[in-house]
Amino acid sequence: MIMSRRTTGLAIEAEGLRRSFGKTRALDGIDLRVPAGTVYGLLGPNGAGKTTAVRVLATLLRPDGGRARVFGHDVVEEADAVRSRVSLTGQYASVDEDLTGAENLVLLGRLLGLRKPAARERAERLLAAFGLTEASGRQVKKYSGGMRRRIDIAASILNTPDLLFLDEPTTGLDPRSRNQVWEIVRAVVSHGTTVLLTTQYLDEADQLAGRIAVVDHGKVIAEGTPGELKSSVGSGTVHLRLRDPAQRPEAEKLLGAALGVAVQPEADPVALTARVGGDGSDLVASEQAARALGDLARAGIVVDDFSLGQPSLDEVFLALTDHPAADERDDQMEAAR
Amino acid sequence: MSDTATTTGRPSSVYVPSAEALATVLAPGARPPRPSALGASLTFGWRAMLKIKHVPEQLFDVTAFPIIMVLMFTYLFGGALADSPRDYLQFFLPGIMVTSVVMITMYTGVGLNTDIEKGVFDRFRTLPVWRPAALVGMIFGDVLRYVLAALVILGVGLVLGFRPDGGVLGVLAGIGLLVVFSFAFSWVWTFFGLILRSEKSVMGVSMMVLFPLTFLSNVFVEPGTMPGWLQAFVKVNPITHLVAAVRAAMAGSSDPSNTMWLLLWSAGFVAVFGTLTMYRYNRR
């Protein structure tokens, strides 16, 4: 029965959540419906309101307006019931840096009601599964960034939660540590835990999330599967690499004529990029691309490398917001707690 | 956070997450029963002990500071206010013990403020435990510091010639009253620790409250020597009641009226500032 509660229905249901800090509207009417048992991505630049949304849903902040339920429990009225089913791995270290890894886990185990021997045993098993046995006796402040993230996540699954909030879990991590976190997230969700993940990395949302809500200025501006979001922009992208850089200007002209769009030369002197299928013509992207390739061959331009891909989420973001994802507004008002 | 990008790990211990290993810790087990309010508070108290173990420097303010206070005031005022520093000490030691320990209570606010900055309280606040436990446990840890400070002062006093007529029991009773009051008074600082923005402002406010409160009392001199308006304040100052009660206990007698006032003040601090603190804590 518990399993069915964990994996069916909606884990999160939020309607019109609003929250301001002074004059800044961090949440300006957010609606979310997160199906249980999936990874759901909240994607947006710094300052979009992602952290505020997570803090409201995790019962850390009260909304100014709107309502949210987690597994049917209101986050304000039934905060305690919500707390018993969720865990939060915040953007900032959510373990005690002065304590060792093992002490942190034993502490949390005790607070969740385990007796000391059971808490110790649970801590040891978690440390082993997260590759931290060797570091278990070291203070967390001496951990590397990747280890710190792992102990954070380990602390969050002391009692395997039904819903896990991961607030920018890979920000500032090197690629290997990032991959480790991704593997852990996949393992967590495969055991029935719902994961709400915030990220500003588009490929991360693409890699992990079943559905994504794109958040900007405290509102959800688009929602869907990664594929839906990409096709909503309605185009693919052609990447070309030529053998002879001298032929690039000619190739650029030919491609532009064949595709009916502007072609972008890249920093690499032999590379070209163009968007296809976005002009409302009847031809699908692959046919357009094939026609363009034929034109190039007839003009004697040698193409070494050719690829046709879906637009990246980066391009999706740009198309949706008219501003790039890397917005320089910072998280200060989100962090102002 | 930003420094983490460069930590590419030691080649000797590359962690590869294994689905099987993770599966063993992810299987949803039976939830243990929720810990009791006291159990959770004591666990948070244990955290405070561990912090002292790992960062023993933080005991500096409960050892060095009191020693300096005792030495400074005994020799500064001793000759002027009594016949000799040694005579003055008999009157003064319980008072300086109260002053030092009450001053140390402000570190509760400073500590809470830093803790919250670091984000670990976000996790504590999402745990399904008795809400005040994190704060009560923190103050439990501080109580240990208060006891330590009191013992350090007692030790220095004994070396300098303090001879309490109350004996061991009287001294313990005095320290007991002091600890009860300090526990209650700490809730003032948890409140300020929660509402003020920085560690520095917590310190500033603490000093503004603590200096008048401890100095405008019967700690250093008999209130009879002060002007009437000041006596009026000194008389209602909780520190005055506390010092009188502690002095009496250490001298082997008792002071029921001042003891009652001191306990009433303590209850009042917990009721008012404990409530305010929890209100803020829940609404952050």
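Predicted model: local features only at pLDDT ≥ 70, side-chain atom pairs only at ≥ 80, totals over all residues.
The axes of helix H7 (residues 175–190) of chain A and H1(B) cross at roughly 50° and come within 10 Å. The crossing in which H7(A) passes H1(B) is right-handed. On the chain A side, the residues taking part are Ile184(A), Ala187(A) and Val188(A), and these meet Ala19(B), Leu22(B) and Leu26(B) of H1(B).

Helix H1 of chain B, spanning 19–26, also turns up in the surroundings of H5(A): the buried residues of H5(A) pack against this helix together with helix H4 (101–111) and helix H6 (145–156) of chain A. Helix H5 itself covers residues 116–129 of chain A, and its 14 residues reach 20 Å from the first C-alpha to the last, close to the 20 Å expected at 1.5 Å a residue. Its buried residues are Ala119(A), Arg122(A), Ala123(A), Leu126(A), Leu127(A) and Ala129(A). They cover an arc of only 160° around the axis, and therefore sit on the same side of H5(A). An α-helix has 3.6 residues a turn, so residues three or four places apart point the same way. Just after H5(A), the backbone at Gly131(A) takes a positive phi of about 65°.

Turning to chain B as a whole, twelve helices and zero strands are found. The C-alpha atoms of chain B fill a box of roughly 80 × 40 × 35 Å along the principal axes. Of its 284 residues, 41% count as buried. Among contacts in chain B between residues at least 6 apart in sequence, 78% link residues at least 24 apart.

Terms used
Residues numbered from 1 in each chain as written. Chains lettered and ligands numbered in written order. Helix = DSSP H or I, 4+ residues; strand = E, 2+ residues; numbered from the N terminus. Expected span 1.5 Å × (residues − 1). Buried ≥ 20, exposed ≤ 12 C-beta atoms within 10 Å, placed from the backbone. Arc of directions from axis to C-beta. Contact = placed C-beta atoms within 7 Å. Axes fitted to C-alpha atoms, helices over the stretch in contact; angles between N-to-C directions. Left-handed = near helix turned anticlockwise from the far one by under 90°.
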